[in-house]
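Dear colleague,

Please find the structure below, handed over for your review. A short account of the findings comes after it.

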Amino acid sequence: MIKFEQVSKTYPGGFRALEKVSFHLERGEMAFLTGHSGAGKSTLLKLISMIERPSIGNVFINGKNLNQITPNQVPFARRDIGMIFQNHRLLQEHTVFDNVALPLVIEGIYTQGEIEKRVHAALDKVGLLSKVKCYPKILSGGEQQRVGIARAVVNKPPLLLADEPTGNLDPELSKEIINVFQQFNDVGISVLIATHDLGMIARMKNRSLTLKQGRMINDGLTQEALI
Amino acid sequence: MSLLFSSDEKRQGAHQKQVSVITKFIYFLVQNLRQIVTSIGEIWRTPVASAMTIAVMGLSLTLPATLHIIVKNVQSINLEWDSASEISLFLNDNLSEQQISAAMHRIKTYNEVESLVYISKDDAIKEFKSSSGFGQALDYLDNNPLPASFVVTPTSQHRQAEAAKQLLLKLEREREVNFGKLDIDWLTRLNAIVSMLEESVFTVALLLMVSVVLIIGNTIRLSIISRKEEIEVMKLVGATEGFIQRPFVYTGIWYGLMGGFVAFIVVTFVVWWMQSALSEISGLYMADFLIESLTFSEFLILMLIASGLGFSGAYWSVHRHVREIEPDLD
């Protein structure tokens, strides 16, 4: 699903954020990406979401080399990736419904009825159907994060990327959020979660990729999965 | 449209919506319509700032529109007065009555001449006495210094400045005529003033249009900056540049239309005000000046120009500033 081949990223000014990173996240796999702040987690996610381009090396999604995607194609490619952010990035002056509907409205090929159906389905999956008419600011942090997840999955992308989704949440809520991800993974969606919540990683027993100063120092893959 | 995944491999079981090109186009139109409507809401979101922009725009367009009305009306006056030109022919002294009436008849037969009025030396001095206020002083003169004259009115085809000049030259060749005078100097001057005004309309209009484009561009820029967060999120969830830019462009067009309408109202008011000021003058001249305001087609042109300016300002601004906004993860 996601494949990095000897990827390095140097920012203007000479800061080397990633160095020769290679890994392969299989279809339907759920993995954690971990490491200290500044280890390169965000850069790695930015390369997948095409916010940044690699300096050297290739990133593939579903076998498609992202270097070949032109700036005009980026929006269309991003529609296949559901993204979840640490501060959830909801639009505060729009209702929960409008926030979740945004990707569908942008795609512009759905009728109002279809949009309603899909938004309700997505909110139902994260357990927030009752909050559909609320504004994000009256929701708790965990609920806002779940709205963010609903928005990421509403157009049924095959891949979910999450950047510190539990960074602002207490352990109880974190567990809830991770369970939501687990549920999506169970139906075949590939999930990559960047986090420094080591306790959670230990609990979940998923594959974990560890970055240190831009290098992949540990690909916590069992031997069988490597083959 | 799925770029990274073919639709059948996109999530097992979950059916991906397939739409034809025509359906896509219809959805595109619907999406645009929705954006056109919501872009009015964007103006309403910041009522004071929007009202200022619209007012500045309206007033900027008022000046060229008013100048245009002045030029248009002066031109119509010009046309009226141009055709009322008369030729005064001053006759040689010492002509006998027979010679004068012979000349009168001869000139009357000219194709170019519609009518002719004879003003004798006595008539001339009487008129001069009554109108000049030198009545007493004139009595001291030994003889009447004023010449007899014909006042010739050319036919309508020969009333234009050029044709009247030709006729004057022809009449001056008559042996009884000492010299003729065609009073069109003031018309030439008026024409010069009108063409200067016309020129200034263009210059002023051009300058103000540029400023309108800049004003709209700046307003849209501020609007883009205030919605930076929203634009970033939209980019992250896969919105194209066009999808993000369009509402701003529509907002610009709305600003234009509203500004144009303000200009129309102000111009109508200015015309009404000038009319009341003019009615005093026309009372003095015992003539009826009616200022013609904007016609319906001119109103449409005004709105078209205004919305065009709104569009250009917004497009220019959006093109620069939306592209600049790059999303980040946090």
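Predicted model: local features only at pLDDT ≥ 70, side-chain atom pairs only at ≥ 80, totals over all residues.

Residues are numbered from 1 along each chain as its sequence is written, and chains are lettered from A and ligands numbered from 1 in the order in which they are written.

Chain B holds 10 helices and four strands (DSSP runs, H or I of at least four residues for helices and E of at least two for strands, numbered from the N terminus). Their order from the N terminus is α-α-β-α-β-α-α-β-α-β-α-α-α-α. Of its 330 residues, 26% are buried, that is, have 20 or more other C-beta atoms, placed from the backbone, within 10 Å of their own.

An automatic or database assignment divides chain B into domain 1 (35–80 + 189–321) and domain 2 (86–183). The centres of these two domains of chain B, taken over C-alpha atoms, are 53 Å apart.

The contact between the chains involves 32 residues of chain A and 28 residues of chain B; two residues are in contact if their C-beta atoms, placed from the backbone, lie within 7 Å. On the side of chain A that touches chain B, helix 1 (41–48), helix 2 (74–78) and helix 3 (96–107) of chain A each provide at least two residues. Helix 2 of chain A contributes the most, with four residues.

How values were computed. Buried ≥ 20, exposed ≤ 12 C-beta atoms within 10 Å, placed from the backbone.
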